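Subject: Structure for you to look at

Hello,

Here is the structure I promised to pass on. Please open it next to this note; my findings follow below.

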Amino acid sequence: MQGFIDILNEQKEFVEIYECLTNNISPVRATSTAESQKMHLAFSLCAKLERPLIFVAADSLTASFAYKDFQFFYPENEILEFPEREFIFYDIDAQSNETLKKRLNTLFSLCFERKNFCVVTTITALCQKIVS
C-alpha cells in the first residue's frame with residue numbers, strides 16, 4: 001500500500017494538508033475530490049501520520065460505498081462499521097439486533113488501542129443513542 005501513499009506525496013496539495021495536520025492547524029478542508037479520491041486521500045494521510053481514521057459520511061448510501069472502497073486499503077479486520085439505528089414505528093414490529101450488535105462491537109473495538117483502523121459511519125449514526 002506504500003505505493004498509493006507515494007503517489008500523493010508528489011502532489012503539492014497533499015503535502016500542504018499533511019503539513020497542516022502535523023502542525024495541528026485545523027480545520028483542514030479538501031474540496032473538489034471525487035468519492036473514491038476521498039478514500040484514497042483519507043487513507044494516505046492517516047497511514048502517513050500513523051493515526052486511525054474515522055470517516056463520517058453524509059448518508060448511509062455514501063457510507064456503504066466508502067466502506068467498500070476502504071476494504072481495498074485496509075485489512076479486513078481493521079475496518080469497523082458504526083451503522084445507523086433502524087427506526088421501528090410500533091413495538092410489535094420485529095427488530096433485528098444486528099445493527100445494535102455492530103454498533104456495540106465497534107465501540108468495544110475502539111476501547112482497545114489499535115495503530116491502524118478505520119471507522120465508517122454517518123452523521124445520523126453519531127447522533128443516535130446506542131441503546132434505547
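A crossing is left-handed if the near helix is turned anticlockwise from the far one by less than a right angle, and right-handed if clockwise. Helices (H or I, at least four residues) and strands (E, at least two) are DSSP runs, numbered from the N terminus.

First, the ground rules. This is a predicted model, in which local features need pLDDT of at least 70, side-chain atom pairs count only at pLDDT 80 or more, and totals for chains, interfaces and linings use all residues. Residues are numbered from 1 along each chain as its sequence is written, and side-chain values use heavy atoms, with hydrogens and water left out.

Helix packing

Axes are lines fitted to C-alpha atoms, for helices over the stretch in contact, and angles run from 0 to 180 degrees between N-to-C directions. Angles under 35 degrees count as roughly parallel, over 145 as roughly antiparallel, 65 to 115 as roughly perpendicular and the rest as oblique. Contact means heavy atoms within 4.5 Å. For residue classes, Ala, Val, Leu, Ile, Met, Phe, Trp, Tyr, Cys and Pro count as nonpolar, Asp, Glu, Lys and Arg as charged, and the others, Gly among them, as polar.

Start with H3 and helix H4 (residues 60–73). Their axes come within 10 Å and cross at roughly 50 degrees. H3 is therefore oblique to H4. The crossing is right-handed. On the H3 side, the contact is made by Glu35, Ser36, Met39, His40, Ala42 and Phe43; H4 brings Thr62, Ala66, Asp69, Phe70 and Phe73. By class, that contact has 6 nonpolar, 3 polar and 2 charged residues.

Next, helix H2 (residues 12–22) against helix H3 (residues 35–49). The axes come within 11 Å, crossing at roughly 45 degrees. That angle makes H2 oblique to H3. This crossing is right-handed. Phe14, Ile17, Tyr18, Leu21 and Thr22 of H2 meet Leu41, Ser44, Leu45, Lys48 and Leu49 of H3. The contact divides into 7 nonpolar, 2 polar and 1 charged residues.

Then helix H1 (residues 2–9) and H3. Here the axes come within 9 Å and cross at roughly 100 degrees. H1 is therefore roughly perpendicular to H3. H1 uses Phe4, Ile5, Leu8 and Asn9, while H3 uses His40, Leu41, Phe43, Ser44, Ala47 and Lys48. The classes are 6 nonpolar, 3 polar and 1 charged.

Pockets

On a 1 Å grid over the protein atoms alone, a pocket is an open set of points where a 1.4 Å probe fits, with protein on both sides within 12 Å along at least five of seven lines; lining residues have an atom within 4 Å of a point. Grid points are joined across faces, edges and corners, and a volume is the space filled by probe spheres set on the points.

The largest pocket holds about 560 Å³ of space. Its lining has 21 residues, and Val28, Leu41, Ala42, Leu45 and Leu53 lie nearest the centre. At least two lining residues come from each of H2, H3 and strand E1 (53–57). H3 gives the most, with 7 residues. The lining comprises 15 nonpolar, 2 polar and 4 charged residues.

The second largest pocket has a volume of about 330 Å³. Of its 15 lining residues, Glu13, Phe14, Ile17, Thr33 and Leu41 lie nearest the centre. H2 and H3 are the elements that give two or more residues to this lining. H2 gives the most, with 5 residues. The lining splits into 7 nonpolar, 5 polar and 3 charged.

Backbone

Most residues other than glycine have a negative phi, and most peptide bonds are trans. Ser26 and Pro27 are joined by a cis peptide bond, with omega about 0 degrees. Pro27 sits in the loop between H2 and H3. Ser32 is not a glycine, yet has a positive phi of about 65 degrees. Ser32 also lies in the loop between H2 and H3.

Best wishes
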